[in-house]
Amino acid sequence: MNGIKRIAVLTSGGDAPGMNAAVRAVTRCALAQGWDVLGVLRGYAGLVEGHMEPLSGRTVSNIMQRGGTILGSARCPEFESEEVRWEAVRQLRQNRVDALVVIGGNGSQTGALALDNMGFPVVGVASTIDNDLAGSEVTIGVDTALNIALEAIDRLKTTASSHQRAFLVEVMGRKCGYLALMAGLAGGAEIVLIPERETPPEEVARQLRAAYEHGKRHALAVVAEGAQYNAAKLDSWFQAHSERIGFDLRTTTLGHVQRGGTPTAFDRLLGTRFGAGAVEALTNGKRGVLVGLKEGKISTTSLAEVVGVRKSIDPELFQLASVLDQ
Ligand code: F6P
């Protein structure tokens, strides 16, 4: 017997397309258990201020195709303070909440673990476009962000070919090179720069020059924002060494465009399955766990094993990217 009568759900950190599908699934699956559901507005910031509203089957209707999060999200560095976290617990207890579902990435799950360690039951849902969260092979929002990056890359390649130019394209991902590596592979990049395998600018120049000498009409370098030489730094390095590559060079930073827009079918389904998985975990008396995907199956991993753990990239895929660049 899990003893739950009411849960709350929040979305936290950077929004990710597919979060709404998770909110919807948490709400409807919880209602099916006979529980009440409160939606916390603006993540941990709203939680500390006690901003919660009842969610019904109707309030989460027609939201799955919408990007972002209907609950709102926020960065809340104040949540690192224990005093602030106790205020969150107080608000949850005052609202007679028995368990909390936290939909978010690394920072959000750090807060989730802290609350659970303070005695308040929490289940996390793996959601970030960065795919840097251990405990899940893929997180909500990654597929949409990747597809948006690819669409931009495809477009840039057409104009690059017309002018015989090289492009540096920077994608998001914090200190994780997953998005850059996958966008580079699927976008046919000449070179991929990621924080996990730093590449000096001389090597970037060498590869772009090789593409030029092979008679390519364009060349593409996909750069992770967390790489030591991000697009801005590379761009200024190339300003001083423009003769090295043959091509005329342009730089595009995709930025928050990658986080907006309509979630793909994959992210809607992932959000739906993760949301349902969170309620199932609570039904089974689990707490202090992250719901994620392992070997294609919905699974739970202790938050203590997830928080602070660096997820590695697949070295074989990185190697493949360098073989395919000829
Ligand atoms: O974590 C998601 C992410 O989009 C990162 O890729 C990026 O570095 C960061 O959030 C940007 O944060 P903000 O939206 O607060 O500027």
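The expected span of a helix is taken as 1.5 Å times one less than its number of residues. The views below show a predicted model.

**View 1. Helix α1 and the elements that cover it.** Helix α1 runs over residues 19-32 and has 14 residues. From its first C-alpha to its last, α1 reaches 20 Å, close to the 20 Å expected at 1.5 Å a residue. Its buried residues are M19, N20, A21, A22, V23, A25, V26, T27 and A30. The cover over these buried residues includes strands β1 (6-11), β2 (36-40) and β4, together with helix α9 (265-283). Just after α1, G34 adopts a positive phi of about 85 degrees.

**View 2. Helix α4 and its packing partners.** Helix α4 spans residues 106-117 and has 12 residues. The distance from its first C-alpha to its last is 16 Å, close to the 16 Å expected at 1.5 Å a residue. Buried in α4 are S108, Q109, G111, A112, L113, A114, L115 and D116. These buried residues pack against helices α2, α3 and α10 (303-306) and against strands β4 (99-104), β5 (122-126) and β10 (289-294). G119 follows α4 and has a positive phi, near 105 degrees.

**View 3. The stacked pair of Y44 and F79.** The structure holds three aromatic pairs, one of which is formed by Y44 and F79. Their rings lie 4.0 Å apart centre to centre, with 15 degrees between the planes, and the pair is stacked. Y44 belongs to helix α2 (residues 43-48), whereas F79 sits in the loop between β3 (52-54) and α3 (82-94), so the pair ties together parts that are 35 residues apart in sequence. Y44 is buried, with a relative accessible area of 3%. F79 is also buried, at 6% relative accessibility.

**View 4. The edge-to-face pair of W237 and F238.** The ring centres of W237 and F238 are 5.1 Å apart and the planes stand at 85 degrees, so this pair is edge-to-face; planes over 60 degrees apart count as such. Both W237 and F238 are buried.

View 5. V323 is found in helix α11, which covers residues 315-323. The relative accessible area of V323 is 41%, and the residue is therefore partly exposed.

Technical notes:
Residues are numbered from 1 along each chain as its sequence is written. This is a predicted model: local features need pLDDT of at least 70, side-chain atom pairs count only at pLDDT 80 or more; totals for chains, interfaces and linings use all residues. Side-chain values use heavy atoms; hydrogens and water are left out. Rings of Phe, Tyr and Trp (its six-membered ring) pair if their centres lie within 6.5 Å; planes under 30 degrees apart count as stacked, over 60 as edge-to-face and the rest as tilted. Helices (H or I, at least four residues) and strands (E, at least two) are DSSP runs, numbered from the N terminus. Buried means under 20% relative accessible area, exposed over 50%, partly exposed in between (1.4 Å probe, protein chains only). Contact means heavy atoms within 4.5 Å.
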